[in-house]
Amino acid sequence: MENVEVTKTLDVRGEICPYPDVNTMTTLKQMKKGEILEVLLDYPMSVERIPRGAKKHGHKVLAVEQVEGPNHRILIEAFGLK
Amino acid sequence: MIWTGLLVGLLFGFALQRGRFCMNSAFRDIILMKDYTVFKAVAAAILIEMFGFALMGMTGMITLNPKPLLLGANIIGSFVFGIGMVVAGGCASGITYRTGEGMVGAMSAVLGFSVILLSTGGGLLSPIAKGLQEGSKIMTPDGKSLTVANVLGLPLEITMLVLSIVIAAVWIYFAMRNPEESYDTGKASLSDKIFKRGWSWLLAGVVIGLIGIISFPLSAATGRNYPLGISSGWAAILKSIVSDTVTIKWDAMLIIGIVIGAAVAALIAKEFKLRAPAPGVLIQTFIGGMLMGFGASTSTGCNVGHILSGVPMLSIGSIVAGISIVLGAWVAVYFFFIRTGKA
């Protein structure tokens, strides 16, 4: 997924539960349709929960990648709730 | 035979880490994200334990030991515990296994938790806890702990057995009528599913339920007649470190096992790394841990002792404590996330 143009990057590495999820969802809410959010995180539980929650809210999960160790990168296309 | 505590702890820690099993998430996600995944894992574990404890009780392998109802202490203590786990970002089992994952925020919570556990158990804060406990103890006329069974005049083991089967049957019936949407992204080998990926809620719930079942006779064999619990073990570890009484028994070995087991699971899945949030968040998790310590000691149990171990034995005290933990968590979620517009 290197050819995707990231609109915004959210770095929640080090954050405790549930801030990775909460920050991701509120950021997505503020984005326009088709904009891409890149989330950088290292909390394993949120790596599984964020894609689940994003899909539930109509956003499109483009990729979930393990970068190194617990560091993950999630790419989400905003549904455009705004 | 306290080494069996270490063994059970290793399994428990491994399962907690792979299953992402945390009751803070389980209860919080229901209102914050409308996500029932982790809650279903908790419910599955409770049902399996209820069934297993009942069978072991009937065959005489164990003597069931539901906690007594300490009405005021259970309500107030567990409510404070529920608030604390939202502030700390994890329940008692959650902060313990995440310590093994290398999360410094969880370690900070564990420290606050352990210190206040000791203080409430026998230190500065103990008069408050004792006052709440002694003033509100309610037992049966013949001096037994109140359970759903003896309140209704039924034998405990049979009630547990029937109830677990009935609830499981109803659940399976509705689950089959409304199959859940799978968000699985691609295929994985069996070993990858066990060691690399996060477990499904069902696998996590079943495995943790089974660990709860084997924990009971093993712990009872060392004189501690109770299944899984977190708080007493952390208190014993801290006490052994700071005083001249070494109190490393089954419960403390369990904790050591959980931390190591979770670390091993995280290392295999390449999820282990020492990582810390901002200093302000570290203070927040420390304070959250302190609230949890006060709550668990006052209510004579954390989320594991009451919800995972006490609810399957139908202890009224544990059921009241469990409800209070959930309500405390929801009130905290409301004030910290919903009202502030963060979610």
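**View 1. Burial and overall build of chain B.** In this predicted model, 55% of the 343 residues of chain B count as buried. The chain has 16 helices and 2 strands. Its radius of gyration is 19 Å, close to the 20 Å that the globule rule gives for 343 residues, so chain B is as compact as a globular protein of that length. Along its principal axes, the C-alpha trace of chain B spans about 55 × 50 × 45 Å. Take the contacts in chain B with a separation of 6 or more: 81% of them join residues 24 or more positions apart.

**View 2. Helix α6 of chain B.** This helix covers residues 104-122. How many of its 19 residues are buried? The count is 15, and α6(B) is mostly covered. At 1.5 Å a residue, the 19 residues should span 27 Å, and the end C-alpha atoms of α6(B) are 27 Å apart, which agrees.

**View 3. Helices α3 and α11 of chain B cross.** Two packed helices are described by the angle between their axes and the distance between the axes. Here α3(B) runs over residues 37-58 and α11(B) over residues 201-220. Their axes come within 7 Å and cross at roughly 35°. The crossing of α3(B) past α11(B) is right-handed. On the α3(B) side, the contact residues include Val38(B), Ala41(B), Ala45(B), Ile48(B) and Gly52(B). On the α11(B) side, they include Leu202(B), Gly205(B), Gly209(B), Ile213(B) and Phe216(B). What kinds of residue make up this contact? There are 17 nonpolar, 5 polar and 2 charged.

**View 4. Lys196 of chain B in its loop.** Lys196(B) sits in the loop between α10 (190-195) and α11 of chain B. Is Lys196(B) buried or partly exposed? It has 15 C-beta neighbours inside 10 Å, so Lys196(B) counts as partly exposed. Now look from Lys196(B) to Ile338(B). The two are 142 residues apart along the chain, and their C-alpha atoms are separated by 34 Å.

**View 5. Chain A meets chain B.** At this interface, 22 residues of chain A are in contact with 25 residues of chain B. Which elements of chain A give two or more residues to the side that touches chain B? They are α1 (19-29) and α2 (44-56) of chain A. The most comes from α2(A), with 8 residues. By type, the chain A side divides into 10 nonpolar, 4 polar and 8 charged residues.

Note on methods:
Residues are numbered from 1 along each chain as its sequence is written. Chains are lettered from A and ligands numbered from 1 in the order in which they are written. This is a predicted model: local features need pLDDT of at least 70, side-chain atom pairs count only at pLDDT 80 or more; totals for chains, interfaces and linings use all residues. Two residues are in contact if their C-beta atoms, placed from the backbone, lie within 7 Å. Helices (H or I, at least four residues) and strands (E, at least two) are DSSP runs, numbered from the N terminus. Ala, Val, Leu, Ile, Met, Phe, Trp, Tyr, Cys and Pro count as nonpolar, Asp, Glu, Lys and Arg as charged, and the others, Gly among them, as polar. Axes are lines fitted to C-alpha atoms, for helices over the stretch in contact, and angles run from 0 to 180 degrees between N-to-C directions. A crossing is left-handed if the near helix is turned anticlockwise from the far one by less than a right angle, and right-handed if clockwise. The radius of gyration is taken over C-alpha atoms; the globule rule is 2.2 Å times the number of residues to the power 0.38. A residue is buried if 20 or more other C-beta atoms lie within 10 Å of its own, exposed if 12 or fewer, and partly exposed in between; C-beta atoms are placed from the backbone. The expected span of a helix is 1.5 Å times one less than its number of residues.
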